[in-house]
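Have the viewer open as you read along.

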Amino acid sequence: QVRLVESGGGLVQAGGSLRLSCAASGRTFSTYAKGWFRQAPGKEREFVAAISGNGDNRAYTDSVKGRFTISRDNAKNTVYLQMNSLNPEDTAVYYCTAVSTVYSGTYYTTPGEYYYWGQGTQVTVSS
């Protein structure tokens, strides 16, 4: 059974940092594109960051550029999201995703492109 399990969420004050992790099990995701999305109450799920299977290519939504960093450790089958300078607008449930790609340099920024999803981890930033 394929699973993606997020961890690292929690409550943090504005200006603080958190590091989210997403561990995959059930298969090797080393060549899969991976992404992070988030969903705040009453809002649609939105793209946060993505990384290609080979790790060479990354993308971020404008609101997190310069503050968030996506990375991956294929040996551990894990993808990370380092979040710095957090603000209350970052409060949401964060989901990790994965999908197989033909070209290892590919990543996606829309949720419909992804096949595997984690259960989500809550991030709350207080002002």
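Tyr95 is buried, because its relative accessible area is 14%.

A note on provenance: this is a predicted model, where local features need pLDDT of at least 70, side-chain atom pairs count only at pLDDT 80 or more, and totals for chains, interfaces and linings use all residues. Residues are numbered from 1 along each chain as its sequence is written, and side-chain values use heavy atoms, with hydrogens and water left out.

**Entry: strand β9**

I took strands as DSSP runs (E, at least two residues), numbered from the N terminus. I counted two strands as paired if DSSP finds at least two bridges between them.

How many of the eight residues of strand β9 are buried? Seven are, so this strand, residues 92-99, is largely enclosed by the rest of the structure.

I then went through its partners. Strand β4 (residues 33-39) runs antiparallel to β9 and is joined to it by seven bridges; Trp36 has Cys96 in β9 as its bridge partner. Strand β11 (residues 121-126) is also antiparallel to β9, with three bridges, and there Val123 stands opposite Ala92. Strand β10 (residues 116-117) is joined to β9 by two bridges, again antiparallel, with Trp117 in β10 as the bridge partner of Thr97.

**Entry: aromatic rings**

My ring criterion: rings of Phe, Tyr and Trp (its six-membered ring) pair if their centres lie within 6.5 Å; planes under 30 degrees apart are stacked, over 60 edge-to-face, and the rest tilted. Searching the whole structure gave me nine aromatic pairs. In one of them, Phe29 and Tyr32 have ring centres 4.7 Å apart and planes at 65 degrees, so the pair is edge-to-face. Both Phe29 and Tyr32 are buried.

Tyr95 and Trp117 are edge-to-face too, at 6.5 Å centre to centre and 70 degrees between the planes. Tyr95 lies in β9 and Trp117 in β10, so this pair ties together parts 22 residues apart in sequence. I also found both in a cluster linked by ring pairs, together with Phe37, Phe47, Tyr108 and Tyr114.

Next I checked charges over rings (NZ of Lys or CZ of Arg within 6 Å of the ring centre and within 35 degrees of the ring normal). Arg45 has its charged end over the ring of Trp117, 4.8 Å from the centre. Arg19 does likewise over Tyr80, at 4.0 Å.

**Entry: nonpolar cores**

I defined a core as a set of buried Ala, Val, Leu, Ile, Met, Phe, Trp, Tyr and Cys residues joined through side-chain atoms within 4.5 Å. Which members of the largest core touch the most other members? They are Trp36, Leu81, Met83 and Tyr94, out of 28 residues. The elements giving two or more residues to this core include β3 (18-25), β8 (78-83) and β9. Apart from this core lies another, of seven residues, including Ala33 and Tyr114.

**Entry: the open sheet**

Last, I traced an open sheet of four strands, in the order β1-β3-β8-β7 with antiparallel pairing. Its edge strands are β1 (3-7) and β7, each pairing on one side only. Five bridges join β1 to β3, and Glu6 stands opposite Cys22 in β3.

Definitions and conventions: Buried means under 20% relative accessible area, exposed over 50%, partly exposed in between (1.4 Å probe, protein chains only).
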